[in-house]
Amino acid sequence: MTPHPAPGALDGTDVDVAVVGAGFAGLGTAIRLQREGAASYVVLERGDDVGGTWRDNTYPGVACDIPSHLYSYSFRPPSRWSRRFAPGAEILEYLRTSAREEDVLAHVHLRTDVLDARWDESTERWQVSTSRGTCTARALVLAAGRLHEPRLPDVAGSASFAGRAFHSARWPTGLRAGDLAGARVGIVGTGASAAQILPEVAAVAREVVVVQRSAPWVLPREDRPVDEAEAAALADDPAAYERVRAELFAAAEEGHQARTGDPAAVAGVRSAALDHLRSQVPDPALRRALVPDYEIGCKRIVFSDDYYPALARPNVRLETRPLRAVVPDGIVVGDDDPTATEATQLATHGLDVIVWATGFRSTRPPYARGVHGRGGLRLDEAWSDGMRSFASTVVHGFPNLFVLNGPHATLGHNSAIVMIEAQVDYVLGALAHLRAHGGTLDVPLEAQEAYTQEMDSRLASMVWATGGCTSWYRDEETGRVTLVWPGTGTQFRERNARFDPAVFQAGLQRAASTATSPTSGRQGSRFHVALSGAPRA
Ligand code: NAP
């Protein structure tokens with residue numbers, strides 16, 4: 001790893017933009033800011049390296065399940081990917097290289113934990129307190145990740161386990177799959193992380209127990225190496241690379257039709273998944289246990305060529321009884337009801353290692369507790385009935401705040417990078433507007449509510465809400481689908497990549513008229529921020 005140039009001191013600095021997080025979204029923002037050269041900025045990163053999810057997830061088998069030629073920045077030169085779906089370490093290196101070559105590293109403050117960010121009305125600045133001092137910024141970009149905070153289930157006795165236990169995204173440094181040779185390993189969960197871990201661990205472990213609460217829908221991934229000639233041809237020919245990206249993007253966009261509930265599209269994807277299951281799992285009892293009881297697409301589909309074959313191995317056991325407890329030497333599963341049948345009764349699995357592949361706290365992000373907007377309102381309070389925004393990026397009451405990978409900003413069928421890039425375009429447009437016109441930007445409540453209601457009503461009839469499942473897309477308290485964008489990636493870009501000052505002007509005009517009205521107290525303060533602040537040089 002190339003040494004990271006030490007950024008200047010943070011404490012007491014004032015910048016145009018503070019970016020929280022140095023993953024794909026934060027670095028993408030920084031690169032675009034750096035190229036534009038119009039704004040001063042810092043990137044605040046609590047980890048000891050850039051890379052976000054690709055720094056955190058080091059489990060054996062970690063790789064992308066979106067083709068890498070698409071899962072990369074469109075604005076960077078073509079990259080030489082070794083495989084169609086690059087391994088995690090290669091993606092991490094891509095991000096490090098991008099940050100280094102684009103000269104953003106000197107702005108990245110590592111090991112800098114953002115403790116709290118407060119909007120200061122008098123200075124029209126965000127005051128950002130970190131573990132390494134305080135800075136102020138005109139705009140705050142939250143790029144802190146939606147799949148960052150491990151969700152560990154509250155299982156009785158977890159602390160009593162005598163072996164090693166860890167979350168999939170906190171794989172112990174230096175622990176290789178080979179080190180698990182001869183071990184008895186429990187993997188709790190059957191999402192994309194578990195599906196990548198299992199084949200690697202099953203190949204060496206004495207025994208693996210996979211605790212499945214819901215079976216995933218699985219489609220073939222069709223991974224393959226990218227040979228030297230092909231890699232070189234694409235790396236040397238940006239136009240050819242662009243064509244490949246466009247083809248991959250268009251092919252992925254077709255996956256959206258099944259999410260809309262179109263019966264023919266749903267039937268097509270379902271039968272492809274069931275064919276995949278039939279072709280890879282010969283045992284009918286195991287096959288039955290692997291047929292999901294919810295509609296395909298409701299949870300994120302797993303793409304894997306080796307998950308089913310790993311489950312069919314003689315040293316792997318699929319456990320469908322509920323996880324009851326952790327005991328010092330393993331886990332207890334099953335029903336403690338005296339009428340339980342043999343198939344559901346209590347049983348203990350002796351284990352040496354437990355991997356919690358149990359997902360992330362996505363819909364109620366912990367970072368929201370530390371962000372205080374106008375009048376001290378906390379972002380988690382503003383989102384008390386689930387995330388809401390305008391344009392998936394700005395939130396009423398939080399001036400000059402931009403949230404990436406937040407409300408209604410993910411796709412179930414295409415690359416996350418497409419969405420991030422559209423959001424970064426929006427942020428850059430807003431920053432240019434602030435530079436040109438001064439003042440501050442607080443989206444009117446009406447605009448946010450209209451946008452959110454549109455999202456809620458479109459999503460209510462889509463598979464994420466109707467498919468009979470829970471998922472990380474869906475707010476656990478209200479049931480609202482708060483993370484997914486209901487349309488295609490193309491539609492997101494068309495709708496949300498361009499900053500439109502008129503939306504904010506509407507608030508400005510209403511505030512001007514209500515400010516003169518004696519009955520206008522609440523309305524006036526609601527839009528006050530759009531009026532505040534003289535133009536800055
Ligand atoms: P996830 O999809 O949220 O899956 C969590 C799993 O843990 C689910 O199977 C869940 O069961 C299970 N679980 C949770 N609590 C449990 C309990 N008490 N007992 C038994 N099972 C329990 O998490 P993930 O696999 O880490 O993936 C999250 C997302 O990260 C993916 O959807 C994807 O977007 C991303 N990811 C991407 C890649 C890639 O290749 N690009 C790789 C890994 C992850 P239920 O389904 O019943 O809740």
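This is a dialogue on how to read some features of a predicted model.

Colleague: Where do I start, and what is the make-up of the protein chain in helices and strands?

Modeller: Start with the whole chain. In this predicted model, the protein chain has 18 helices and 18 strands. Its C-alpha atoms fill a box of roughly 75 × 55 × 50 Å along the principal axes.

Colleague: How compact is the protein chain for its 537 residues?

Modeller: The radius of gyration is 24 Å, close to the 24 Å that the globule rule gives for 537 residues, so the chain is as compact as a globular protein of that length. Of the 537 residues, 55% count as buried.

Colleague: What share of the contacts in the protein chain comes from residues 24 or more positions apart?

Modeller: Take the contacts with a separation of 6 or more: residues 24 or more positions apart account for 72% of them.

Colleague: Next, salt bridges. What is the general idea, and how many does the structure hold?

Modeller: Side chains of opposite charge can pair when their charged atoms come close. The structure holds 37 salt bridges. One of them joins the side chains of R96 and D49, with 2.6 Å from N to O.

Colleague: Where do R96 and D49 lie in the chain?

Modeller: R96 is in helix α3, while D49 is in the loop between β2 (41-44) and α2 (53-56). The two are 47 residues apart, and the pair links distant parts of the chain. Both R96 and D49 are buried.

Colleague: What does the salt bridge between R76 and E102 tie together?

Modeller: The side chains of R76 and E102 meet at 2.9 Å, N to O. R76 lies in the loop between α2 and α3, and E102 in the loop between α3 and β3 (108-109), so the pair ties together parts that are 26 residues apart in sequence. R76 counts as buried because its relative accessible area is 11%, under the 20% cut-off. E102 is buried as well, at 11% relative accessibility.

Colleague: And D116 with R118: is each of them buried or partly exposed?

Modeller: Their side chains form a salt bridge of 3.1 Å, N to O. D116 has a relative accessible area of 15% and is therefore buried. R118, at 38%, counts as partly exposed. Elsewhere, salt bridges that share partners join R35, R76, E101 and E102 into one network.

Colleague: Turning to pockets, what is the volume of the second largest pocket?

Modeller: The volume is about 370 Å³. Of the 24 residues that line this pocket, the closest to its centre are G61, V62, A63, P87 and G88.

Colleague: Which elements give two or more residues to the lining of the second largest pocket?

Modeller: They are α3 (88-101) and α4 (192-202). The largest share, 5 residues, comes from α3. By class, the lining has 10 nonpolar, 6 polar and 8 charged residues.

Colleague: Where is H408 found, and is it buried or exposed?

Modeller: H408 also has a positive phi, of about 50°, although it is not a glycine. It is found in the loop between β18 (401-403) and α12 (416-437). H408 counts as buried, because its relative accessibility is 0%.

Colleague: Last, how do I read spacing in sequence against spacing in space? What are the two values for A165 and V185?

Modeller: A165 and V185 are 20 residues apart in sequence and 9.7 Å apart in space, C-alpha to C-alpha. A165 sits in strand β7 (residues 164-167) and is partly exposed, at 42% relative accessible area. Leaving aside neighbours within four places in sequence, A165 is in contact with I354 and W356.

How values were computed: Residues are numbered from 1 along each chain as its sequence is written. This is a predicted model: local features need pLDDT of at least 70, side-chain atom pairs count only at pLDDT 80 or more; totals for chains, interfaces and linings use all residues. Side-chain values use heavy atoms; hydrogens and water are left out. On a 1 Å grid over the protein atoms alone, a cavity is a set of points where a 1.4 Å probe fits but cannot get out, and a pocket is an open set with protein on both sides within 12 Å along at least five of seven lines; lining residues have an atom within 4 Å of a point. Grid points are joined across faces, edges and corners, and a volume is the space filled by probe spheres set on the points. Helices (H or I, at least four residues) and strands (E, at least two) are DSSP runs, numbered from the N terminus. Ala, Val, Leu, Ile, Met, Phe, Trp, Tyr, Cys and Pro count as nonpolar, Asp, Glu, Lys and Arg as charged, and the others, Gly among them, as polar. A salt bridge is a side-chain nitrogen of Lys or Arg within 4 Å of a carboxyl oxygen of Asp or Glu. Buried means under 20% relative accessible area, exposed over 50%, partly exposed in between (1.4 Å probe, protein chains only). The radius of gyration is taken over C-alpha atoms; the globule rule is 2.2 Å times the number of residues to the power 0.38. Contact means heavy atoms within 4.5 Å.
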